[in-house]
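Try each task before reading its solution.

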Amino acid sequence: MHNSNLDDSSLLRVFSKLPISHHLSTSLVCKRWLFLHGRLVPSLKLLDWHFLESGRLFARFPALTQIDTVPSSCLRLAPNSGVLLSFKPSSFFSLPISSSTHDDDDLSSDRIHQGLHLIAQKYPNLRRIAVFGANEYGLATLSDTCPTLQELELHCCGDLSLKGISGCVNLQVLKLTARMDGGFFTTSVVVSDIGLTILAQNCKRLVKLELCGCEGSYDGIKAIGECCQMLEDLTFHDHRMDAGWLAALSFCANLKTFKLRSCRSIDSNPGLDEHLGVCPMLQELHLERCHLRDMKSTKSLFLVCGNVRDIVLRNCWGFQDDLFALASLCRRVKLLYLEHCSLLTTGGLESVLLSWKGLQRLMVVSCSKIKDSEVTPELASLFSVLKELKWRPDTRSLLSADLEGIGMWRKGASSL
């Protein structure tokens, strides 16, 4: 049957059944099919700001609920760069869009504001957006016009700009990046206690918060803990926090997951142990690419996270036996994951593992100083009762194969 005999709704149902890999080719058959395919696209990564300003974005993709404008905002792009489309969160493909050459590809604050105003007008059902360099008025336009906005990613939006998110009453996920390193350029703004307090007072339904390159102190983190009582997931990436901020973490009463990534230090002066408090509901602690060389700050971290159930350590520099021994302060650990902890020895690992009476799962990957030959009978006995064990400290490890041969893995969800 010729496609002209089918109404739009019927064609959309047919297109929705096609594999995603066929969407681009079928959209090029004719103008009608191109338009209909645009209505199936929920998520888009914008590479050309002029595509937005011209109005072609809204004509081509009228039903977007997620849009990332960061690539078009912070990079100089060649003509015909186009957009990236997503029909599912993990599926992207490129679509060239012709555009004329513009002498000035740098975006002013006013142009970003006007672009966000257009997005808010055309996509009132927007659920997620990522923006770069937006001012207070641009963010206010989004927050006032898009009541369903639940996820917000802000890059290089300083303290005063955050006043614009006061209308985001349903915001649940926020990523706040103060510093962006694009390889050829680095740009940053100041996000301090002022900005952290503004977002805490206006985004009280936050469930997940990520702070990248942000400054601040005890006061800012305390404000987040006291105001955002639904917060469950908190991440610090390359933080610039002042000394003493760690003691405020205990105000996050419902925090379940805490992550530190690419942090050069934890807290230069966390204060007295008795003033730190404990996160009562914390279940997961993740440390990735962090510098862990200071005994006092590492001890303070484990004290604040004393109730944690899962500890994940990846690529942490300076993490020696004496520092890892402080993890024994966490008495309820059930899962330990170690990867690329090259200074930790078998003895240092054993001393902590034997202190955890409730340990159920252990994964050790690429930790070169942990040796099969140094595994004691006590440690081997612990291995035999674990529900899950992944033991690959180095490429020459033979213990995994030996344990697999005796069938101990079949009792649970164990892996090698």
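**Exercise 1.** In this predicted model, find which elements the buried residues of H7 pack against.

*Solution.* Start with the helix itself: H7 covers residues 109-122 and reaches 20 Å from its first C-alpha to its last, close to the 20 Å expected. Next, pick out its buried residues, which are Arg111, Ile112, Gly115, Leu116, Ile119 and Ala120. These pack against helices H4 (49-53), H5 (56-60) and H8 (136-145), and against strands E2 (66-68) and E5 (128-132).

**Exercise 2.** Work out how H7 and H8 are oriented, parallel or antiparallel, and which residues make the contact.

*Solution.* The axes of H7 and H8 lie 8 Å apart, at an angle of about 5°. Angles under 35 degrees count as roughly parallel, so H7 is roughly parallel to H8. On the H7 side, the contact is made by His113, Leu116, His117, Ile119, Ala120 and Gln121. H8 contributes Tyr137, Gly138, Leu139, Thr141, Leu142 and Thr145. Sorted by class, this contact has six nonpolar, six polar and no charged residues.

**Exercise 3.** Classify the ring pairs Phe319 with Phe324 and Phe383 with Trp391.

*Solution.* A search of the whole structure gives seven aromatic pairs. For Phe319 and Phe324, the ring centres are 5.8 Å apart and the planes meet at 80°, so this pair is edge-to-face. Phe319 is buried at 1% relative accessibility, and Phe324 is buried with a relative accessible area of 1%. For Phe383 and Trp391, the centres are 4.9 Å apart with planes at 55°, so the pair is tilted. Phe383 is buried at 1% and Trp391 is buried at 0%.

How values were computed:
Residues numbered from 1 in each chain as written. Predicted model: local features only at pLDDT ≥ 70, side-chain atom pairs only at ≥ 80, totals over all residues. Heavy atoms only, no water. Helix = DSSP H or I, 4+ residues; strand = E, 2+ residues; numbered from the N terminus. Expected span 1.5 Å × (residues − 1). Buried < 20%, exposed > 50% of the residue type's maximum accessible area, 1.4 Å probe, protein only. Contact = heavy atoms within 4.5 Å. Axes fitted to C-alpha atoms, helices over the stretch in contact; angles between N-to-C directions. Parallel < 35°, antiparallel > 145°, perpendicular 65-115°, else oblique. Nonpolar A, V, L, I, M, F, W, Y, C, P; charged D, E, K, R; others polar. Phe/Tyr/Trp six-rings, centres within 6.5 Å; stacked < 30°, edge-to-face > 60°.
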